[in-house]
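Please work through each task before reading its solution.

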Amino acid sequence: MTAPLLMIAAGGTGGHMFPAQALAEAMIARGWRVKLSTDERGARYAGGFPPAVDVVVSGSGTFARGGAVAKLAVPFKIIGGILGATVRMLSDRPAVVVGFGGYPTIPALSAAFLTRRPRMIHEQNGVLGRVNKLFAARVHKIACGTWPTALPEGVTGEHTGNPVRAAVLERAGAGYIAPGDYPMSLVVIGGSQGARILSDVVPEAVARLPEALRLHLRVAQQARPEDLDRVVAAYEEAGILAEIAPFFADIPRRLSEAQLVISRSGASSVADISVIGRPSVLIPFAAATDDHQTANARGLVDAGAAVLIPEKALDAATLADHMAAILGQPQAAEQMARNALGQGRPDATQRLVALVEGLAGKG
Ligand SMILES: CC(=O)N[C@H]1[C@@H](OP(=O)(O)OP(=O)(O)OC[C@H]2O[C@@H](n3ccc(=O)[nH]c3=O)[C@H](O)[C@@H]2O)O[C@H](CO)[C@@H](O)[C@@H]1O
């Protein structure tokens with residue numbers, strides 16, 4: 001008997017591809033066959049998937065770009081993509097189809113709908129992306145990476161969480177982990193690209209902290225390459241021990257030792273902070289589509305694990321007040337960390353596996 005087939009469809013960004021990869025690895029390990037349907041951009045991430053995964057690349061995924069002629073061709077490309085996916089699905093019927101968001105998931109999810117295959121979507125952010133919104137009422141399950149997620153009326157979702165890296169899981173204790181032995185350590189991260197606003201505001205906010213806190217503080221701050229020098233200079237001038245880098249490869253360790261984290265609320269940052277369990281000040285990226293970073297922060301804020309400062313309200317004095325309140329009250333900070341753990345889903349991948357296996361055989 002041939003092994004059951006899981007068809008994974010995902011658009012070409014890390015946000016969509018990394019959770020897709022985590023599920024692919026787990027299902028291959030469970031003896032399933034896995035096909036990945038993506039576009040040319042997504043194919044660049046395919047090398048990270050297990051070699052056993054069969055990669056189907058259709059289209060460039062750049063529907064929205066190009067001139068008038070290219071735009072006229074879009075409906076035909078989509079229809080062609082759906083027909084191709086339907087033919088493939090009829091010749092090798094997937095037991096389950098899972099979409100992780102992005103335009104390249106349209107053909108596979110449409111074909112799954114037409115051929116009545118069991119199907120689900122995973123949404124990483126607290127607001128459904130465009131394509132996931134289109135399919136929300138036409139799938140059997142909606143797995144949510146962050147919680148709560150805004151869903152259309154009459155549609156329910158399950159909080160599976162976003163799969164986190166193995167290095168994050170290694171740092172996550174069985175429960176609350178005490179911060180490292182340095183008196184106070186602050187970690188500042190701005191997502192995968194860094195965030196200029198944090199370079200503008202955080203050093204000044206740190207310099208404004210009461211001396212009793214400032215003298216014991218050690219900072220690790222991610223800054224964009226073009227901002228590195230001025231951030232280093234600002235901390236030096238304020239006499240604060242600080243490590244500044246465009247990207248810290250060992251952020252899981254640093255998070256696990258931090259008394260406080262200041263961060264954007266990208267889906268993976270929120271997942272990492274929750275799974276490791278740390279108090280945080282979150283500053284959502286205001287220009288994110290449908291303000292999804294504010295939605296991503298909501299769960300931690302409502303749980304009493306994080307303070308949210310909207311970008312337009314962010315200044316050094318406001319940030320310094322929040323930092324002083326958390327750093328100056330270790331017991332309250334510990335409670336925030338424990339509240340964050342309540343939002344964490346270290347078993348996100350297993351939860352996705354359980355949903356897939358629950359759907360299998362229902363087609
Ligand atoms: C600016 C923007 O549009 N960002 C989007 C992008 O997130 P983006 O990829 O920018 O940010 P995420 O928070 O999702 O991921 C960042 C990851 O990098 C890690 N990290 C960060 C700094 C560092 O020095 N070292 C390090 O390892 C973090 O711990 C985290 O795991 O896709 C996400 C998923 O759709 C969205 O939620 C975000 O809104």
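**Exercise 1: the sheet**

Strand β9 (residues 217–222) pairs with β10 in the parallel sense over 5 bridges; strands are DSSP runs (E, at least two residues), helices are H or I runs of at least four, both numbered from the N terminus, and pairing requires at least two DSSP bridges. The model is predicted: local features need pLDDT of at least 70 and side-chain atom pairs 80 or more, while totals for chains, interfaces and linings use all residues. Residues are numbered from 1 along each chain, and side-chain values use heavy atoms, without hydrogens and water.

Solution. Step 2: the open sheet has 6 strands in the order β10-β9-β8-β11-β12-β13, with parallel pairing. Step 3: β10 (241–245) and β13 (306–308) are the edge strands, each pairing on one side only.

**Exercise 2: the ligand site**

Task: Determine which side chains place an N or O atom 2.8 Å and 2.6 Å from a ligand oxygen.

Solution. Step 1: the 2.8 Å distance belongs to Ser-192. Step 2: the 2.6 Å distance belongs to His-292; a polar contact with the ligand is a pair of N or O atoms within 3.5 Å. Step 3: 18 residues surround the ligand, each with a heavy atom within 4 Å of it. Step 4: by class, this shell has 6 nonpolar, 10 polar and 2 charged residues, with Asp, Glu, Lys and Arg counted as charged and Gly among the polar ones. Step 5: helix α11 supplies the largest share of the shell, 4 residues.

Notes
Polar contact = N/O pair within 3.5 Å; in protein donor to acceptor, adjacent residues only side chain to side chain.
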